[in-house]
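Below are my notes, as numbered points, to read beside the sequence and the model.

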Amino acid sequence: QVQLVESGGGVVQAGGSLRLSCAASGRTVSSASMGWFRQAQGKEREFVAAITWDRGFRFYGDTAKGRFAITKDDTKKIVYLQMNSLSPEDTAVYFCGSATTSSERAIRLATKYADWGQGTQVTVSS
């Protein structure tokens with residue numbers, strides 16, 4: 001099992017930026033990819049971005065393209081999500097997850113993630 005702890009959420013004005021962090025520990029050898037998802041109140045969990053541990057391939061959901069960037073620190077086992085040009089529509093709880101696959105198609109699906117963090121709230125005010 002991989003333990004994940006997110007941090008960096010908060011309240012920001014529209015147009016602002018936030019950087020989320022996700023620290024992985026435990027059986028990280030089983031983790032092939034790390035992903036960020038978000039869930040707004042009353043909505044399904046939505047894919048935001050993912051990155052593979054081995055080659056650093058990056059994948060983004062439509063709402064993240066051009067505004068968000070996912071990066072990783074292999075030594076610290078931390079994955080970051082830099083979010084720019086935030087809008088109230090980005091308000092949600094953001095979760096990071098660990099997947100045992102690095103398939104581009106699979107890592108866009110929340111069901112492919114075996115381990116999740118507790119989530120961090122991001123609120124964007126207008």
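1. A definition to start with: rings of Phe, Tyr and Trp (its six-membered ring) pair if their centres lie within 6.5 Å, and planes under 30 degrees apart count as stacked, over 60 as edge-to-face and the rest as tilted. With that in hand, Phe37, Phe47, Tyr113 and Trp116 form one aromatic cluster.

2. A word on the basis of these notes. This is a predicted model, in which local features need pLDDT of at least 70, side-chain atom pairs count only at pLDDT 80 or more, and totals for chains, interfaces and linings use all residues. Residues are numbered from 1 along each chain as its sequence is written, and side-chain values use heavy atoms, with hydrogens and water left out.

3. The overall build comes next. The chain has eleven strands and zero helices; these elements are DSSP runs numbered from the N terminus (helices: H or I, at least four residues; strands: E, at least two). The C-alpha trace spans about 40 × 25 × 25 Å along its principal axes. Among contacts (heavy atoms within 4.5 Å) between residues at least 6 apart in sequence, 57% join residues at least 24 apart.

4. How much of the chain is buried? Buried residues make up 44% of the 126 residues, where buried means under 20% relative accessible area, exposed over 50%, and partly exposed in between (1.4 Å probe, protein chains only).

5. Back to the aromatic rings. The whole structure holds four aromatic pairs. One of them is Phe37 with Trp116, an edge-to-face pair at 5.3 Å centre to centre with 75° between the planes. This pair links distant parts of the chain, since Phe37 sits in strand S4 (residues 33-39) and Trp116 in strand S10 (residues 113-116), 79 residues apart. Phe37 is buried, at a relative accessible area of 1%, whereas Trp116 is partly exposed at 26%. Trp116 also pairs with Tyr113, in a tilted arrangement at 5.4 Å centre to centre and 40° between the planes. Tyr113 is buried, with a relative accessible area of 6%.

6. Two charged side chains sit over rings, by the rule that NZ of Lys or CZ of Arg is within 6 Å of the ring centre and within 35 degrees of the ring normal. Arg45 lies over the face of Trp116, at 4.6 Å from the ring centre. Lys77 lies over the face of Trp53, at 4.3 Å.

7. Which residues have the most contacts inside the largest nonpolar core? They are Trp36, Leu81, Met83 and Tyr94, in a core of 26 residues. A nonpolar core here is a set of buried Ala, Val, Leu, Ile, Met, Phe, Trp, Tyr and Cys residues joined through side-chain atoms within 4.5 Å. The elements giving two or more residues to this core include strand S1 (2-7), strand S8 (78-83) and strand S11 (120-125). The largest share, four residues, comes from S3. Apart from this core lies another, of seven residues, among them Phe37, Phe47, Phe59 and Tyr113.

8. Leu81 deserves a look in your viewer. Leaving out residues up to four places away in sequence, Leu81 touches residues including Leu18, Leu20, Trp36, Val48, Ile70 and Tyr94.

9. Last, please check Asn84, which is found in the loop between S8 and S9. Asn84 is partly exposed, at 29% relative accessibility. Not counting residues up to four places away in sequence, Asn84 touches Gly16, Ser17, Arg67 and Phe68. Its C-alpha atom is separated by 12 Å from that of Thr63, 21 residues apart along the chain.
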